[in-house]
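User: I'm new to this structure and would like a close look at a single part. Could you walk me through the salt bridges?

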Amino acid sequence: GRDGIDLDAGAKYNVCIFNTSVKNKRHGIFIEEASHHNLLFGNELNDNLNSGVHVWNEEVKGNTTDNSIVANVCNGNRRGLSCGGRDDTKLSNANLFFNNECARNSNYGIITGNKNGLNNYFSQCLVKDNKPLDIQIGETSQSYLLNTPAR
């Protein structure tokens, strides 16, 4: 009951499509620990106590990288989409967040990462009505934000 779907410890080449993951104690979908080349497509990730989708690396040396998070709905969570890493040997790097909806989340629609969430791409996402802001940009995350919040 903590995470709806957890791609953990080197998970690779997984496809998560058209799942519903709601009201989990942590994340709707959690991609972590140097997992790579996974695809999340068309999932409903709503009302989770943390993020709809969280991409992270806590313990495993290497990158959580080259994951594609596409056309998911992340509404009413604490955060819609978020990424980061524990230190400079444990990164979330070069992940693509494309065409996702992030609305009515209580702590940002998108968090682009801390200094250990580097070079992640956020493109053409619908981001609106999130508090306190729609997008929190990590000053050192060097993210590519290819869309602006809806007005």
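**A look at the salt bridges**

Analyst: Arg86 and Glu58 pair through their side chains in a salt bridge, with 2.7 Å from N to O. Keep in mind that this is a predicted model. Arg86 sits in the loop between strand 9 (79–85) and strand 10 (90–93), while Glu58 sits in the loop between strand 5 (51–57) and strand 6 (62–65), so this pair ties together parts that are 28 residues apart in sequence. Arg86 is partly exposed, at 44% relative accessibility, and Glu58 is partly exposed too, at 24%.

In total, the structure holds three salt bridges. Another one joins Arg26 to Asp3, where the closest N and O atoms are 2.6 Å apart. Arg26 belongs to the loop between strand 2 and strand 3 (29–32), and Asp3 to the segment before strand 1 (5–7); the pair therefore ties together parts that are 23 residues apart in sequence. What about their surroundings? Arg26 is partly exposed, with 23% relative accessibility. Asp3, by contrast, has a relative accessible area of 15% and counts as buried, because buried means under 20%.

That leaves the salt bridge between Lys90 and Asp87, whose closest N and O atoms are 3.1 Å apart.

Definitions and conventions. Residues numbered from 1 in each chain as written. Predicted model: local features only at pLDDT ≥ 70, side-chain atom pairs only at ≥ 80, totals over all residues. Heavy atoms only, no water. Salt bridge = Lys/Arg side-chain N within 4 Å of Asp/Glu carboxyl O. Helix = DSSP H or I, 4+ residues; strand = E, 2+ residues; numbered from the N terminus. Buried < 20%, exposed > 50% of the residue type's maximum accessible area, 1.4 Å probe, protein only.
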